[in-house]
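Dear colleague,

I am handing over a structure that I have been going through, and I would be glad if you could look at it alongside the notes below. The notes begin with single residues and then turn to the chain as a whole.

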Amino acid sequence: MEIREFKTEDLEEMRVIWNQVVDAADAFPQEAILEGDEAERFFGEQSFTAVAKENGEILGLYILHPNNIGRCGHLGNASYAVRKDLRGRHVGEALVRHSLKKAAELGFKVMQFNAVVASNHAAIHLYEKIGFQRLGVIPGGFRTEDGYEDIMLYYIKLPEV
């Protein structure tokens, strides 16, 4: 598996994978799917957008950007999307590990996740395995179709480069 910066020709596969996560309504805060034209702008305006590719197919992707601005601009944030039929095959782990290295290269000091949904057990297990620390819980911080679910905040200090 190769993980590299996205290219224009990747956009349609990226959009489909991203929208699978949005449509599932159990991990991303976004409610609107990415339409064709807005995908290039959305992925292009991130600090870094990467794809995991193997045998000519995109398996997953991540976006990396500041978690905040100004005096908090050294805190990074990322979102990960793995193709629905490939989950559980360590694509997500490869993407997270790559994003941590890339974030450090870009000068981020910490990676912070603001809203890990409590029922996203695979993500929680992965983040804790990698060394993320849980900061706390926001009760009812994520709106689902059936009500509200808790979200957790996580962070990890990035290595100096």
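A25 is located in the loop that runs between α1 (11–24) and α2 (36–44), and, although this residue is not a glycine, its phi is positive, at about 55°. Please keep in mind throughout that the model is a predicted one. With a relative accessibility of 26%, A25 counts as partly exposed, because the partly exposed class lies between the buried limit of under 20% and the exposed limit of over 50%.

A second residue with a positive phi that is not a glycine is N55, where the angle is near 50°. N55 belongs to the loop between β2 (48–54) and β3 (57–66), and its relative accessible area of 76% makes it exposed.

H74 sits in the loop between β3 and β4 (75–82) and is partly exposed, at 35% relative accessibility. When residues up to four places away in sequence are not counted, H74 touches F108, K109 and V110. As for R143, which is 69 residues from H74 in sequence, the C-alpha atoms of the two are 28 Å apart in space.

R97, by contrast in setting, is part of helix α3, which covers residues 91–105, and with a relative accessible area of 36% this arginine is partly exposed. Which residues is R97 in contact with, once its neighbours within four places in sequence are left aside? They are K129 and I130. Between R97 and G76, which are 21 residues apart along the chain, the C-alpha separation is 14 Å.

Turning to the whole chain, the protein contains 4 helices and 7 strands, and, read from the N terminus, these elements follow one another in the order β-α-α-β-β-β-α-β-α-β-β. The radius of gyration is 15 Å, close to the 15 Å that the globule rule gives for 161 residues, so the protein is as compact as a globular protein of that length. Along the principal axes, the C-alpha trace spans about 45 × 40 × 30 Å.

How much of the protein counts as buried? The share is 45% of the 161 residues.

The UniProt record, which is an unreviewed entry, carries the annotation "domain: N-acetyltransferase" for residues 1–160. In the model, the span of residues 1–160 is 30% helix and 36% strand, and its end C-alpha atoms lie 26 Å apart.

How values were computed: Residues numbered from 1 in each chain as written. Predicted model: local features only at pLDDT ≥ 70, side-chain atom pairs only at ≥ 80, totals over all residues. Heavy atoms only, no water. Helix = DSSP H or I, 4+ residues; strand = E, 2+ residues; numbered from the N terminus. Rg over C-alpha atoms; globule rule 2.2 N^0.38 Å. Buried < 20%, exposed > 50% of the residue type's maximum accessible area, 1.4 Å probe, protein only. UniProt positions renumbered as here; feature names shortened; annotations may be inferred. Contact = heavy atoms within 4.5 Å.
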